[in-house]
Amino acid sequence: MFMGDRREAFAARRELMGYTQESLAAAVGVEFSTVGRWERGDLTPQPYRRPRIAKALGISLEELGTLLASAPSRQMTAPPSAAVPARAANAGARGPLDTQPTAHGGAQVRLEAAAPRAGGRLFGREAVPVQPDLAETDDMNRRDLLRLFTMSGALLALPAVEPVLADVDRLAAVARTGAVDSAAAAEFAQFNSHLWRVYALAPTKSEVLPLVRAQLDVLSTGLRHPQTPAIRQRLCELSADLFQLAGEIFFDGDRYTDAAHCYTLAATAGKEADAPDLWSCALTRHAFIAVYERQFDEAAPLLELAANLARRGDPALSTRQWIAAVQAETFAGLGDLDACQRALDTAAEVQHLQGPVHNGGWLRFDGSRLAEERGTCYVNLGRYDLAEAALTDALAGVLTARRKAGVLTDLAMIGVHRRNPDQVATYADAALATARQTGSGVIARKLRGLQPHLAPLLTDQQIQRLDAEITELVGNRAA
């Protein structure tokens, strides 16, 4: 019935039914690039999507199967991605974070991880392939994780149950069904740390989500069973840690509601663990969503609560200074220059702390971001000369892709206010390239915030082109 290769057959049927790739993608609930991959044979639609595809194309499921089989699918070769191998099963195995040099001098990080066993221990090494359809896979991982969140929230609300040490038979049964000892808790903590490092190195943050979900499942299993008070507290701490990581992944994917859910659970777990630094950091991340959405009046009271909690925490950690940095941006958004400057001065105190001031996971503030944060504040306050000096200093440093794109977008904003189309295009084009490369919703949101300010410069052709490309980028993410 269908002749030619898959590209010709699928595309011809789509066009016959009056669809563009974009409109068909909207009809079946995928990104338009996914439709392109179906047509090229790079990807086969998931079974649960096929009824909607068949309905849209006006054919039966059997005919759709014939259509999709009209050309062999090309196997997707998993590209090098961020990953974490398990603890070596023997002395000759690789270490917990396996990097390999690349042709351009960087490092490839493989997505491998120890699969945690229900009840507690990590075993062996299991490869986790990069998923060929990130849009569909992300959606499935998100649904699984949200179901897990519901269960975890209920578990955190339950009172602690201490096993009766004299009951030898019951202890043996508990051990077989999920009791966690200090050695297992230490392994969980090590694996959490590995996941944060993977997240930092992963070009596409959503690739880490399946590993986070698996580890959260293990921690929830431990919370289901009676534990000693010390072990239960430790499991709550590790859950608070990992919920913050899950929130960061959702935040990067522009899923702010899901991120807020994660941060709320992280705060609950941090409170249950009586860990003020963890608890206050979760609240700060929750407040940062409002900061990013420029709802500064909503962020301010939450940050004040976080700052009060942090005073009960470890003074050697940079928790209070990080909260102050976020408060500075909030005060800048509210137009309060004096309060912003005081908060920036408090944040700068991190440079005088001694020893390890952060843990590389839920707390990563070490003062290296001070220049870019100062620059962002000055942009919000309209102090563009001060902002440009700070942002230029920041750009000369070593930045992650997301942080660099934020600095570039702020510099483009300065160009807007100076009515300098060349400056705007130079910096915004670089940020756009990073957004396309990483798929980061955070960068897309920054560029979307820049777009309304381009209006006075739209008589310039390069600004017209830039405006169209931002619209396309944002539209593709919403599709």
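## Two helices side by side

Let's start with a pair of helices: the axes of helix 16 and helix 18 (residues 401–417) come within 10 Å of each other, crossing at roughly 30 degrees. Angles under 35 degrees count as roughly parallel, so helix 16 runs roughly parallel to helix 18. As for handedness, the crossing of helix 16 and helix 18 is left-handed. Keep in mind that this is a predicted model.

Who does the touching? On the helix 16 side, the contact is made by Glu372, Thr376 and Val379. Helix 18 brings Arg403, Val407, Asp410, Met413 and Ile414. Sorted by class, the contact of helix 16 with helix 18 has 4 nonpolar, 1 polar and 3 charged residues.

## A look at Glu372

Glu372 sits in helix 16, which spans residues 370–381. Is Glu372 buried or exposed? With a relative accessible area of 8%, Glu372 falls under the 20% cut-off, so Glu372 counts as buried.

What does the side chain of Glu372 make a polar contact with? Its partner is the side chain of Arg403, at 2.8 Å. Arg403 belongs to the helix 18 side of the helix contact. Setting aside neighbours within four places in sequence, Glu372 is in contact with Leu391, Ala394, Leu399, Arg403 and Val407.

## The whole protein

Stepping back, the protein has 21 helices and 4 strands. Its chain has 479 residues, and 48% of them count as buried.

Definitions and conventions
Residues numbered from 1 in each chain as written. Predicted model: local features only at pLDDT ≥ 70, side-chain atom pairs only at ≥ 80, totals over all residues. Heavy atoms only, no water. Buried < 20%, exposed > 50% of the residue type's maximum accessible area, 1.4 Å probe, protein only. Polar contact = N/O pair within 3.5 Å; in protein donor to acceptor, adjacent residues only side chain to side chain. Contact = heavy atoms within 4.5 Å. Axes fitted to C-alpha atoms, helices over the stretch in contact; angles between N-to-C directions. Parallel < 35°, antiparallel > 145°, perpendicular 65-115°, else oblique. Left-handed = near helix turned anticlockwise from the far one by under 90°. Nonpolar A, V, L, I, M, F, W, Y, C, P; charged D, E, K, R; others polar.
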